[in-house]
Amino acid sequence: MSDLPRPKKREGEVLERVVDLARIVRQRSLDPFDVNVIDLFDRIRPFLRKAKDLKALRMDLLAVLGLSDIVAMQEEWIEHRSSLLYIDPVLTLVRIDSLDPVALAEILVHSMHPVTEKEQLTGPRLREATEYWLSLPDRDQRISELGADYAETGALTREDLDRMGLMKGRTFEEWISLLWGELLERAGEDGMSYWDFIRAEAYEDTVLRAYVVSHLCSLGYATIRASPLEEEVLLKPFPEKLSMKDLGTESVSIALTREGLERVYE
Amino acid sequence: MSDDTVSLRRKVKRAAHLLLFKHHMDPGVKGWELRRLLGPRYREVIQLLDAELKDLDLTVKIVSEGGEGEEAEGPSRSRFYVTMREAPTMSEAKAMGWRVDDLGALSATLTYILSRRGKAPRSEVEEMLRRKFPEWKVDYNLGRFVRRGYLAEDKDKILYLGWRTKAEIDQKKLLDLLLGKEA
């Protein structure tokens, strides 16, 4: 008598395992040929004759459906392997890992044919914007991801800046005056390329010139026009400093990285 | 100009309005809708529109639920879109509102899913992306790709290629470029 429930339990377990196996193969895109379908059908075949209640019949049916699904996946697998779109998953992962985000972006853009659609500000778009802001981690987390540490705030003296080689022995006002004069001389009224103007031999000097130019624009000595389509940024000096009320409020962000500058100056 | 020609011209204009302006949540128009609104000769109308859009570097693309083309389900169940005929430049893509690193994340996601027969568990995709992109952006980006239709996700958190990928991305070219088969 004690042996009777055991086979029932084993049958149930086998059937459950078959159902789970089919689900896992389907969900994880595993190779369906790793499953020996004929062997599993042989193992569950006797259970059907023994099944006496609806629950057992249902489990048996689910197992048969699972195995049939694996056979269907084997067909899909062969179709995919023989299609033009087949690519080894491991090789793909290696290639993804070896390419930087810019190279990956270029690959996508070259394969892209965007759908035309009239965009408008809608409820879903506003919700998307809200979700973005809510998904941003707090500043502490972002700073720790950048590998930066908090430090006590303090003031730097001119000597400190000289020692760090940041202001090259000149005051901020001297730099403003120097670069404004140079810009007036080189650009004239038509303006000139921003990139040509800030360019210097050393990367650090280029960053310093870009920093001073940003203040030239903010303080009313020059203006900047960016055209994202042509990737042009035009810098134009004013013959006289404009007052704050005459200045526009448009903000232009220009990223300066060594790699970015190398591409610009190529 | 014959009555037939006048009628056809009117239908080409109507087709342009239908395809270029969004009428539903998602862009594009189903074949059966075009048949109802343009008549049984709607395929001829679409061909004429396609020829006219060529000069503007646009084309009418037909996508079935299963993928590009209409053989699988017949034209009436396929969806018709107007897309760019050529691929945009990187500058144009940026002007469309894309950030380069987001394009990179989408590129990695799509190629990964394509290599896994068109579907992959979200957890695996997240793990792959975390090796390249800031963690806080991975979940946000995947959510955005799903909302925009580049990906679809089922209740078991399996990611599939979405309708927009089928409409916009030349999947064969994407994989060839990834493997360096095409310069």
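These questions and answers cover chain B and its interface with chain A in a predicted model. Residues are numbered from 1 along each chain as its sequence is written, and chains are lettered from A in the order in which they are written. Local features need pLDDT of at least 70, side-chain atom pairs count only at pLDDT 80 or more, and totals for chains, interfaces and linings use all residues, while side-chain values use heavy atoms, with hydrogens and water left out.

Q: How many residues of chain B are in contact with chain A?
A: Contact means heavy atoms within 4.5 Å. On the chain A side, 52 residues take part. From chain B the number is 66 residues.

Q: What area is buried between chain B and chain A?
A: Buried area is the accessible area (1.4 Å probe) that two parts lose on being put together, summed over both. Carbon and sulfur atoms give 64% of it here. The total is about 5,400 Å².

Q: Which residue forms a salt bridge with A:D97?
A: A salt bridge is a side-chain nitrogen of Lys or Arg within 4 Å of a carboxyl oxygen of Asp or Glu. The rule finds two across this interface. In the one with A:D97, the closest N and O atoms are 3.2 Å apart. The partner is B:R131.
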